[in-house]
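Dear colleague,

Please look through the model before you turn to the notes.

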Amino acid sequence: MNSIRQLTGVALVIIGALFLIIAYLAGWTSSNIVLLIGLIIIIIGIIMHVKLTKSGGKY
């Protein structure tokens, strides 16, 4: 269960990157809101990954 929690941040980063790739391929890049949504998903994923890694590690 703990390893699944740690992978959520990485999964969000991958989902955000895939969202940006799909947005580019579909031609949705004329709207900044679509690009910001992908960026926000990636940032949230990075923050979650760092927090869960720090809380689970021996620092």
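**What was found**

Of the 59 residues of the protein, 14% count as buried, where buried means under 20% relative accessible area, exposed means over 50%, and partly exposed lies in between, with a 1.4 Å probe and only the protein chains considered. Please bear in mind that this is a predicted model, in which local features need pLDDT of at least 70 and side-chain atom pairs count only at pLDDT 80 or more, while totals for chains, interfaces and linings use all residues. Residues are numbered from 1 along each chain as its sequence is written, and side-chain values use heavy atoms, with hydrogens and water left out.

The secondary structure consists of two helices and zero strands, these being DSSP runs numbered from the N terminus (H or I of at least four residues for helices, E of at least two for strands). The radius of gyration is 14 Å, well over the 10 Å that the globule rule gives for 59 residues, so the protein is more spread out than a compact globule; the radius is taken over C-alpha atoms, and the rule is 2.2 Å times the number of residues to the power 0.38. Along the principal axes, the C-alpha atoms fill a box of roughly 45 × 15 × 10 Å.

As for helix 2, its 25 residues should span 36 Å at 1.5 Å a residue, which agrees with the 36 Å between its end C-alpha atoms; the expected span is 1.5 Å times one less than the number of residues. The buried residues of helix 2 are Val-34, Gly-38, Ile-42, Gly-45 and Leu-52. Ile-43, also found in helix 2, counts as partly exposed because its relative accessibility is 41%. In helix 1 lies Ala-17, whose C-alpha atom is separated by 7.0 Å from that of Ile-42, 25 residues apart along the chain.

On the surface, Leu-7, Val-10, Ile-14, Leu-18, Ile-21, Ile-22, Tyr-24, Leu-25 and Trp-28 form a nonpolar patch with about 950 Å² of accessible area together. Areas come from the Shrake-Rupley method with a 1.4 Å probe, and for residues only the protein chains shown count as cover. Trp-28 sits in the loop between helix 1 (2-26) and helix 2 (32-56).

Conventions:
Patches are made of residues with over 30% relative accessible area and no salt bridge: like charges are joined within 9 Å, nonpolar side chains (Val, Leu, Ile, Met, Phe, Trp, Tyr) within 5 Å. A salt bridge is a side-chain nitrogen of Lys or Arg within 4 Å of a carboxyl oxygen of Asp or Glu.
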